[in-house]
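Please keep the sequence and the model open while reading.

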Amino acid sequence: MAHFNVEFFSQALNRSVRCGVFLPTDQGAYLEETEKKRFPTLYLLHGMTGSQEDWNGMAALWDLARQYRMAVVMPNGENSFYCDSPLTGNYYGTFIGRELVEFTRNSFPLSDRREDTFIGGLSMGGFGAIVNGLRNPETFGYITAFSSALIKRLILRADEEEGLDFFNRIQYQSMFGLERIEDFEGSDCDYEALARKLARSGGRKPVIYMDCGTEDESLYEANTAFRDLLLELGYQVVWDSRPGGHDSAFWNDSLRKAVEFLPVERLELKAGSPMAARLKKRTEAMVWKMTL
C-alpha cells in the first residue's frame, strides 16, 4: 500500500489544495500482467472541523483498500459541506465532483468507469457525498454515507434562532452561497430537491449505502426520513441501522460494511504464501506507525 500526500492548484478554489491518496500499487508486483488493471476508486470526505488526515487513523480503511485493491482519495473540504458558494468564491462542489476526479485520474492509474467510481463520507462528509453523488450521477455509480449531517431543518430555522446548531445563520449563508437562508430550499445543496430532480429526469441513479447509529439522536431521524424519500423515488438503497453513536468506532464498522456493498473484488491470498506474508507484515507496520 502506498500513501501519497498530494498538493496541486485548484481552479475551482483558486488556491493550492491538499489531498491524501491510498494506492495498492505494491500488490502489482505479485500479480500476473493480465490481472493488472486500473483501480476502482472511493472519494472519501471527512466530517466537520476535520481534514483529510482524519482517515489515516482509521485502520479499517488501510486494511480494506489493501484487501480489495481499491484506491482511496481523501480531499480536504474544511467546513464547506462540499458545496459551491458564489458568495465566497469557494466552489467545493465543483472541486469534489469534477476537478478532483479529473486530476486524480490523470495522475494515478484509476478507472474512469462510472461503475468503478464511488463517493462517500461521514457526518458533514456524508452530506457532501450525497449532494455531489446526486449532482454528478454520470461520474459516481455508488454513494456511501455514514451518519450523514442531513440538517436541512436546522439550516432553514437558523434565521429564527441565531446559533441554533454548530454554525449560525450568516455562516450557513456563506457556506451554501445563499442571499437568504430560505433559498436553501430547492438549491443545488438541498439533498431532497436533488434526489427528486434526478428521479424526474429519468437518468441513471447512483446506488446508495446509508447508515446511522441508533444512539446518534440528532441525526438518526433525519437519515431514516431521507432513506424513505429515496425509496419512494425509486432509488436502490442499502440501509443499516445498528447501535452506535457519532464516533470513529461506528465509522470503522461503517467502512467495512460499505466496502462489502461496493462492486469490488476481494484479493484472495493463500494462507502462508509469500505474498500474503509480505502484505500482512506491511499492513501491521502501517497500523503500528499510525498509532504512535
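## Pairing of E3 and E4

Leu-42 has Val-72 in E4 as its bridge partner. Strands E3 (residues 41-45) and E4 (residues 71-75) run parallel and are joined over three bridges; two strands pair if DSSP finds at least two bridges between them. Strands (E, at least two residues) and helices (H or I, at least four) are DSSP runs, numbered from the N terminus.

The model is predicted: local features need pLDDT of at least 70 and side-chain atom pairs pLDDT 80 or more, while totals for chains, interfaces and linings use all residues. Residues are numbered from 1 along each chain as its sequence is written, and side-chain values use heavy atoms, without hydrogens and water.

## The sheet

Eight strands form an open sheet with mixed pairing, in the order E1-E2-E4-E3-E7-E8-E9-E10. Strand E1 (2-10) and strand E10 (237-242) each have a single partner strand, so one side of each lacks a neighbour in the sheet. From one strand to the next, the twist averages 20°.

## Helices on the sheet

Helix H2 (residues 92-107) packs on the sheet and touches E1, strand E2 (15-23), E3, E4 and strand E7 (117-122), where contact means heavy atoms within 4.5 Å. The direction of H2 makes about 120° with that of E1. Axes are lines fitted to C-alpha atoms, for helices over the stretch in contact, and angles run from 0 to 180 degrees between N-to-C directions.

Helix H3 (residues 124-135) lies across E3, E7 and strand E8 (142-146), at about 150° to E7.

## Arg-66

Arg-66 belongs to helix H1 (residues 59-67). Its relative accessible area is 15%, which means it counts as buried (under 20%; exposed is over 50%, partly exposed in between; 1.4 Å probe, protein chains only). The C-alpha atoms of Arg-66 and Leu-23 are separated by 8.3 Å, and the two residues are 43 residues apart along the chain.
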